[in-house]
Structures are given as C-alpha cells and as structure tokens.
Amino acid sequence: MASLDEQLQHYFSQVKKKVPNKAQQQVITKAGADQLRDSYFQATKSKHYRYGRNTSHVKHLADAVVADDHDVDGYATGSSTVGFEKDPINHARIALFLNNGTVHIKGDHFIDTAIQSSKDKVLAAEYVKYKALTGGDPH
C-alpha cells in the first residue's frame, strides 16, 4: 500500500488535471461570452432595431455587440467580457439608457432579460469547452 504522502501526491495530480490554467480559462469563458453576445444581439435586434436606418456612419446598436476574451481592462486573466462598442460613439452608454431608462425613456431591461434567459446556454457552452480541454467531468 502506498504511503499517505504518495496517495496525496497522486490525488493532487488528478485534481490538477481538472483545474484549467489561465489560457484554458480564456477559451472556456470566451465560449460562454460568445453565447451571451448572441443573446444580447437577439434581444437588441428584437427590441431596438430600426430597419432602413442609414448605418453608413454609425453601426446599429445590435451590430455593436462584442465579446472579448480579456477582462474590462484588456488583461488576459481568464475572464471574458460582453458588451457594446465605444467607437465611434459609445453604444454601451446608449444601451445603458435603453436598459435602465432615464427621466424621458422608460427602461425595458432587455440586457437583464438576455442575461437571465441565456444562463443555461452560457454554462452549457462553457461546460462543453471545459470537457474538451480538460478531458472530463469536473466532479
């Protein structure tokens, strides 16, 4: 029978295989962010899209949804972000006003609804990537 130290080392090596490193975390969270981006796009297009609008100078809000495999500061931490472009105009600010409302605009919470309705899809996409990268079930 193996000593306690050998058993613990074996256990640690098995657990270590299941914990993704930073590069794997980026891939995993990016898969979820892509799913959330699609939900943002659908929600924005269904609630705030004007067909026939001239978009030669400024993209439509739905077309400005982006997903990135870096955090909000641009660092590769294993996190991914989803939001709206800020150039040439701040689409994120416009989306905030439409989502939360202002004194003159009643908010419809389309972003909040998109987040809630896509949680299962996001987790499923991340789980598929997790299994592909680490080779198994996290349990």
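Okay, let's start with Ser-39: beyond its neighbours within four places in sequence, Ser-39 is in contact with Ala-114 and Ser-118, where contact means heavy atoms within 4.5 Å. Before I go on, this is a predicted model, so local features need pLDDT of at least 70, side-chain atom pairs count only at pLDDT 80 or more, and totals for chains, interfaces and linings use all residues. Residues are numbered from 1 along each chain as its sequence is written, and side-chain values use heavy atoms, with hydrogens and water left out.

Back to Ser-39. Ser-39 sits in helix 2, residues 22–48; helices here are DSSP runs of H or I with at least four residues, strands are runs of E with at least two, and both are numbered from the N terminus. Ser-39 is buried at a relative accessible area of 15%. Buried means under 20%, exposed over 50%, and partly exposed in between, using a 1.4 Å probe and protein chains only.

Now the core. Which residues make up the largest nonpolar core? There are 12: Leu-36, Tyr-40, Ala-43, Leu-61, Val-65, Phe-84, Ala-95, Leu-98, Phe-110, Ile-111, Ala-114 and Val-122. Helix 2, helix 3 (91–100) and helix 4 (110–134) each put in at least two residues, and helix 4 gives the largest share, with 4. By nonpolar core I mean a set of buried Ala, Val, Leu, Ile, Met, Phe, Trp, Tyr and Cys residues joined through side-chain atoms within 4.5 Å.

On to helix 3. Its buried residues are His-91, Ala-95, Leu-98 and Asn-99. Looking down the axis of helix 3, these fall within an arc of 95°, so they line one face of the helix; the arc is taken from the directions from the helix axis to the C-beta atoms. Their cover includes helix 2, strand 2 (81–84) and helix 4. Take Leu-98: setting aside residues up to four places away in sequence, Leu-98 touches His-48, Leu-61, Lys-106, Gly-107, Asp-108, His-109 and Phe-110.

Most residues other than glycine have a negative phi, and most peptide bonds are trans. Here, the bond from Asp-87 to Pro-88 is cis, with omega near 0°, and Pro-88 is in the loop between strand 2 and helix 3. Then there's His-109, not a glycine, yet with a positive phi of about 55°. His-109 is in the loop between helix 3 and helix 4, and counts as partly exposed at 39% relative accessibility.

Salt bridges: how many are there? The count comes to 4, taking a side-chain nitrogen of Lys or Arg within 4 Å of a carboxyl oxygen of Asp or Glu. Lys-59 pairs with Glu-85, closest N and O atoms 2.9 Å apart. Lys-59 is in the loop between helix 2 and strand 1 (65–68), Glu-85 in the loop between strand 2 and helix 3, so the pair ties together parts 26 residues apart in sequence. Elsewhere, bridges that share partners join Lys-30, Asp-34, Arg-37 and Asp-38 into one network.

Last stop, helix 1, residues 4–18, which holds Tyr-11. Tyr-11 is exposed at 56% relative accessibility. That's all from me.
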